[in-house]
Amino acid sequence: MSHPQTAPPLPCETQPHAALSHPYATRLHWAGSTGGGLRAYSRDHVATAAPATPVVELSADSAFRGDPDRLNPEQLVVMAASSCQMLSFLGAAARAGVDVLAYDDAATSHLDLAATPARLGTIRLAVTVRVAAGTDEALVRELAEQAHHACYVAASLAVPVEVALAVTIG
């Protein structure tokens, strides 16, 4: 299997001024009343992020009187780190000519209420990658490391993001 030494430029790499900034905007809405005190108000809210059309139904963690059937902000952070790592890895693999057949991640973190201020602890990504027969496992691991360093979300977080990789060939 050949592995190109230099990857073709990404679309944003061919337009240097456009690549300097990529804006992201979301809209969030909550309605209700906090008049009944801390235990009485709904934590349920909705968010959108145009141009995507889905409305995301959110709440607080159920430990904080939220609806367990809705995503909470802490889950979204963990999910974003997982998704970004995958997208960075798939891009690196495609540029290197590595045929990735499947990618699964069981990402975890925890809310550390003893920390000041309270925060998410280390985000751990337990990634399993399946690649085509004949693929060099060492190259796959190198690409995963490159992807980790290229992941915008992990680079933006104050908590560490750790990647544990299992590679299945064939």
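Student: Why is aspartate 104 called partly exposed?
Tutor: Aspartate 104 has 49% relative accessibility. Buried means under 20% relative accessible area and exposed means over 50%, with partly exposed in between (1.4 Å probe, protein chains only). Aspartate 104 therefore counts as partly exposed.

Student: On what basis are such values given?
Tutor: This is a predicted model, in which local features need pLDDT of at least 70 and side-chain atom pairs count only at pLDDT 80 or more, while totals for chains, interfaces and linings use all residues. Residues are numbered from 1 along each chain as its sequence is written, and side-chain values use heavy atoms, with hydrogens and water left out.

Student: Where is aspartate 104 found, and what does it touch?
Tutor: Aspartate 104 is found in strand β4; strands (E, at least two residues) and helices (H or I, at least four) are DSSP runs, numbered from the N terminus. Not counting residues up to four places away in sequence, aspartate 104 touches Ala126, Val127 and Thr128, where contact means heavy atoms within 4.5 Å. The C-alpha atoms of aspartate 104 and valine 129 are separated by 6.5 Å, although the two residues are 25 apart along the chain.

Student: How do you know that β4 and β7 pair?
Tutor: Two strands pair if DSSP finds at least two bridges between them. Eight bridges join β4 to β7, and these strands run antiparallel. In β7, valine 127 is the bridge partner of aspartate 105. Nine bridges join β7 to β8, which run parallel, and isoleucine 123 stands opposite valine 161 in β8.

Student: Which residues form the covered face of β7, and which the uncovered one?
Tutor: The covered face has Ile123, Leu125, Val127, Val129 and Val131, whereas Arg124, Ala126, Thr128 and Arg130 lie on the uncovered face. In a regular strand the side chains alternate between the two faces of the sheet.

Student: What span does helix α2 reach, and what is expected?
Tutor: The expected span is 1.5 Å times one less than the number of residues. Helix α2 (residues 73-96) has 24 residues and reaches 35 Å from its first C-alpha to its last, close to the expected 34 Å.

Student: How many disulfides does a search of the whole structure find?
Tutor: The search finds zero, a disulfide being a pair of cysteine sulfur atoms within 2.5 Å. Cysteine 84 counts as buried because its relative accessibility is 11%, and cysteine 151 counts as buried at 2%.

Student: Which residues touch the most other members of the largest nonpolar core?
Tutor: A nonpolar core is a set of buried Ala, Val, Leu, Ile, Met, Phe, Trp, Tyr and Cys residues joined through side-chain atoms within 4.5 Å. Of the 26 residues in the largest one, Phe89, Val98, Val129, Val140 and Leu143 touch the most other members. The largest share of this core, seven residues, comes from α2. Leaving aside neighbours within four places in sequence, the contacts of phenylalanine 89 include Val129, Val140 and Leu143.
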